[in-house]
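Here's a quick briefing to read alongside the model. Have the viewer open and follow the groups below.

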Amino acid sequence: SDLESLILGLPVIASRHPGIIVLDQEEDFLLFYDDNNLDTILNIIMNERNNTDLYRSRLKKGIDHIQKHFTSEAVSARYIVMYTTLLRKMSA
């Protein structure tokens, strides 16, 4: 999946469909393409491959984002907050 690829440090190239745009609204770590032209996709890959500083920056931002929002610990923490809030409101 895209999340697994990002956490492993693999660049993810994605079309601009709503679900994926929500994942990276600032376009900090995903490589987006606007059409299905293979030359466009190849150019994106080659630009990424030839710019190691940009690649490393994108890689770090992607890993940080996935760890912050999608690891088991991050998801569990959100559930704890949700259930604690619900229980508090039910007890009030």
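Start with the surface: Tyr79, Met82, Tyr83, Leu86, Leu87 and Met90 make up a nonpolar patch there, with about 670 Å² of accessible area together. Patches here are built from residues with over 30% relative accessible area and no salt bridge, with nonpolar side chains (Val, Leu, Ile, Met, Phe, Trp, Tyr) joined within 5 Å and like charges within 9 Å. Keep in mind that this is a predicted model, where local features need pLDDT of at least 70 and side-chain atom pairs count only at pLDDT 80 or more, while totals for chains, interfaces and linings use all residues. Residues are numbered from 1 along each chain as its sequence is written, and side-chain values use heavy atoms, with hydrogens and water left out.

- Met82, one of the patch residues, sits in helix H5, which covers residues 72-91.
- Met82 has a relative accessible area of 37%, so it counts as partly exposed (buried is under 20%, exposed is over 50%, and partly exposed lies in between, with a 1.4 Å probe and protein chains only).
- Accessible areas come from the Shrake-Rupley method with a 1.4 Å probe, and for residues only the protein chains shown count as cover.

**Overall build**
- The chain has 5 helices and 2 strands, taken as DSSP runs numbered from the N terminus (helices are H or I with at least four residues, strands are E with at least two).
- Read from the N terminus, the order of elements is α-β-α-β-α-α-α.
- The chain is more spread out than a compact globule, because its radius of gyration is 17 Å, well over the 12 Å that the globule rule gives for 92 residues.
- That radius is taken over C-alpha atoms, and the rule is 2.2 Å times the number of residues to the power 0.38.
- Along the principal axes, the C-alpha trace spans about 60 × 25 × 20 Å.
- Buried residues come to 21% of the 92 in the chain.
- The chain's accessible surface is about 6900 Å², and carbon and sulfur atoms hold 57% of that.
- Of the contacts (heavy atoms within 4.5 Å) with a separation of 6 or more, 38% are between residues 24 or more positions apart.

**Inside**
- The largest nonpolar core has 9 residues: Leu6, Val12, Ala14, Ile20, Leu23, Phe29, Leu30, Phe32 and Ile66.
- A core in this sense is a set of buried Ala, Val, Leu, Ile, Met, Phe, Trp, Tyr and Cys residues joined through side-chain atoms within 4.5 Å.
- Ile20 belongs to that core, and beyond its neighbours within four places in sequence it touches Asp2, Ala14, Ser15, Leu30 and Phe32.
- Arg58, in helix H4 (residues 52-69), is buried because its relative accessible area is 13%.
- Skipping neighbours within four places in sequence, Arg58 is in contact with Glu27, Asp28, Phe29, Leu30, Leu31 and Glu48.

**Salt bridges**
- The structure holds 5 salt bridges, each a side-chain nitrogen of Lys or Arg within 4 Å of a carboxyl oxygen of Asp or Glu.
- Arg16 and Glu27 pair up through their side chains at 2.5 Å, N to O.
- That pair ties together distant parts of the chain, 11 residues apart: Arg16 is in the loop between strand S1 (13-15) and H2, and Glu27 is in the loop between H2 and S2.
- Arg16 also bridges to Asp34, with the closest N and O atoms 2.3 Å apart.
- Here too distant parts are linked, 18 residues apart, with Asp34 in the loop between S2 and helix H3 (38-50).
- Lys60 bridges to Asp64, the closest N and O atoms being 2.6 Å apart, and both lie in helix H4, 4 residues apart, about one turn of the helix.
- Lys60 is exposed at 52% relative accessible area, whereas Asp64 is partly exposed at 36%.

**A backbone detail**
- Glu27 has a positive phi of about 55° although it is not a glycine.
- Its loop runs between helix H2 (18-23) and strand S2 (31-33).
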